[in-house]
Amino acid sequence: MKKLFVVLSVMVIAAMVLVACQSATPTPAATTAAATEAATTAAATTAAPALSGTVRVGSWDSADALQPFNDAIASFEAAYPGVTVQLEDVPQGYGDKLLAEFASGTAPDVFQVGDGDVANFASKGVLEPLDDYISGAKGSDPLDTSVFYSAIADIGKVNGTTYLLTKDYSPLVIYYNKALFDAAGVAYPTDGWTWNDFLTAAQKLTVTDANGKISQWGVELPDGWGDPYWTRGILPVIYQNGGDIISPDGTKTTGYMDSDATVAALQWYADLFLKYKVAPDQSRRGCPEWSGPCSRPVKLPCCGLASGQ
């Protein structure tokens, strides 16, 4: 039996396109030694190039998640007082709005793209290739990419060309409600948990009332969030079972998506909803004690286990 990942390291990339500001044209070098020395001294004491204009930044984030943007904008505007950075947060329907903006020629200069949309946007010709900026061939500030996790940074590449840079990534993890575990007499999860251990705990944590209606779910999984096609929710289970959904070169799914290992992993996952009924699907989402989903880590009144970012 496969050992369960207590921390499922599935990465989510949100990338940003290079800002569409051009640096000022440098003054030609002086021809005399004195002039060269004077120019060097002046350059050392000159402030940032006098840039001006407005840069629009698009994001799907909201509330507290916008603070890093606001901090970065404040720092940038302090360095370049002639530039105004306009943050446009669209927490709902971001992708659809972004595509409509590109179609109408009104898209922001800098924007977030999910990892699954990198090739899509690159094929539309709306992304600026970044490799020359990264190397320093363009601009004057090369980027040391050794600080990035290569597997995550490479998601921003299409056919070897870098179009997007990593903003962040999120691990997929399992939270558990100690109070509910204690009430059910179930031992807390350990690094040695197997799939059977997970299922057994979820069954013990699933509670029905006198009318046979489930009043407490054993586990909340991605389908309960309203997105049964959220691939990251099932990929850790598929990979752990030795399966995959596509060939390493990305050209075929036959022999991968329909492999015995992948099918077995999918069946185990589906059985949590359909056979063992320890996880609510979208039609049965929510809890009597609390109207929100069970997957929020800080409030788990009706789920013993929850998978979330």
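The largest nonpolar core holds 24 residues. A nonpolar core here is a set of buried Ala, Val, Leu, Ile, Met, Phe, Trp, Tyr and Cys residues joined through side-chain atoms within 4.5 Å; buried means under 20% relative accessible area with a 1.4 Å probe, protein chains only. Phe-198, Val-219, Leu-221, Leu-272 and Leu-305 have the most contacts inside this core. The elements giving two or more residues to the core are α7 (178-184), α8, α9 and α10. Helices are DSSP runs of H or I, at least four residues, numbered from the N terminus. α8 gives the most, six residues. A second, separate core has 12 residues, including Val-90, Phe-111, Ala-122 and Leu-164.

This is a predicted model, in which local features need pLDDT of at least 70, side-chain atom pairs count only at pLDDT 80 or more, and totals for chains, interfaces and linings use all residues. Residues are numbered from 1 along each chain as its sequence is written, and side-chain values use heavy atoms, leaving out hydrogens and water.

Now take α10, residues 260-274. Among its buried residues are Trp-268, Tyr-269, Leu-272 and Phe-273. Their cover includes α8 (195-205) and α9 (235-240).

Helix α3 (residues 94-104) supplies the largest share of the lining, four residues.

How values were computed
Expected span 1.5 Å × (residues − 1). Buried < 20%, exposed > 50% of the residue type's maximum accessible area, 1.4 Å probe, protein only. Contact = heavy atoms within 4.5 Å.
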